[in-house]
Amino acid sequence: MSTTSKVSPIPGVLSREALARRAAQEVRAGMYVNLGIGIPTLVANEIPADKHVVLQSENGILGMGPFPFEGEERADLINAGKQTVTLVPGASVFSSDASFAMIRGGHVDLTILGAMEVSEKGDLANWMIPGKMVKGMGGAMDLVAGSPYVVVVMQHCAPDGSPKVLKNCTLPLTGKKVVKKVITDRAVLEVRDEGLFVLEIIPGMTFEELEACTEAHLKKSPTGIKELRP
């Protein structure tokens with residue numbers, strides 16, 4: 001594993017849409033799912049129509065649909081990130097305190113979030129960078145504490161090439177040991193008690209090349225590493 005803090009960009013990394021498609025594979029029929037701001041919001045467009053899933057938004061929506069088509073937006077119907085959304089038949093809209101009671105009560109089966117940093121132990125930092133103005137924590141801390149399964153979707157490296165999958169997070173934490181799976185534009189990683197395991201890698205990239213752009217210690221999946229093809 002390389003100790004360098006920067007790596008060069010490589011060809012073939014997944015687009016935001018491809019990341020959303022891969023994240024949608026984590027969604028199972030019958031789940032209540034919360035999608036975070038950023039790439040996770042795109043997952044709503046990648047869930048097959050015949051898969052019954054209930055999407056929840058912490059500002060008070062149960063039964064959120066995909067993004068509206070251009071010209072069909074309703075300015076008063078938004079998600080927690082202030083993006084216009086749609087509702088599926090049977091959806092309900094309610095107060096944010098009822099929404100957070102749902103989250104804190106453990107009634108959300110899966111949460112998909114973005115991240116600035118993730119540690120090999122499943123620690124998550126996704127809400128602020130010291131010295132920069134932020135809007136606040138939002139619902140992230142409640143979501144990672146109340147959801148039994150948290151998936152992170154993010155770029156593997158920062159724009160300057162520095163790794164975002166670390167031995168220990170350097171930014172203020174959202175939660176400790178809360179992330180179960182990390183889907184990046186280069187690999188799919190799973191956090192287990194024994195360490196951080198590589199399940200999938202993009203075509204054309206080797207395990208050693210992935211190690212070189214990752215600060216965390218990586219282990220190969222005992223069942224083999226598959227190609228990451230969303």
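How do the residues of the lining of the largest pocket divide into nonpolar, polar and charged? They divide into 16 nonpolar, 12 polar and 5 charged. Here Ala, Val, Leu, Ile, Met, Phe, Trp, Tyr, Cys and Pro count as nonpolar, Asp, Glu, Lys and Arg as charged, and the others, Gly among them, as polar.

Before I go on, this is a predicted model, where local features need pLDDT of at least 70, side-chain atom pairs count only at pLDDT 80 or more, and totals for chains, interfaces and linings use all residues. Residues are numbered from 1 along each chain as its sequence is written, and side-chain values use heavy atoms, with hydrogens and water left out.

Back to the pocket. On a 1 Å grid over the protein atoms alone, a pocket is an open set of points with protein on both sides within 12 Å along at least five of seven lines, a cavity is a set where a 1.4 Å probe fits but cannot get out, and lining residues have an atom within 4 Å of a point. The largest pocket holds about 800 Å³ of space. Of its 33 lining residues, Gly36, Ile37, Gly38, Asn126 and Met137 lie nearest the centre. Helix 3 (140–146) and strand 8 (150–154) each supply at least two residues of that lining; helices (H or I, at least four residues) and strands (E, at least two) are DSSP runs, numbered from the N terminus.

Next, the cavity. There is 1 cavity of 30 Å³ or more, and the largest cavity has about 50 Å³ of space. Its lining includes Leu35, Met64, Phe67 and Asn79. By class, that lining has 6 nonpolar, 3 polar and no charged residues.

Now helix 2, residues 96–104. Which of its residues are buried? They are Ser99, Phe100, Met102 and Ile103, where buried means under 20% relative accessible area and exposed over 50% (1.4 Å probe, protein chains only). The face turned away from the buried side carries the exposed residues Asp97 and Arg104. Strand 2 (54–57), strand 3 (61–64) and helix 3 are among what covers the buried residues. Just after helix 2, Gly106 takes a positive phi of about 80°.

Last, Glu190, in strand 11 (residues 187–192). Glu190 is buried, with a relative accessible area of 19%. Leaving aside neighbours within four places in sequence, Glu190 is in contact (heavy atoms within 4.5 Å) with residues including Tyr149, Lys180 and Lys181.

Terms used. Points joined across faces, edges and corners; volume = space filled by probe spheres on them.
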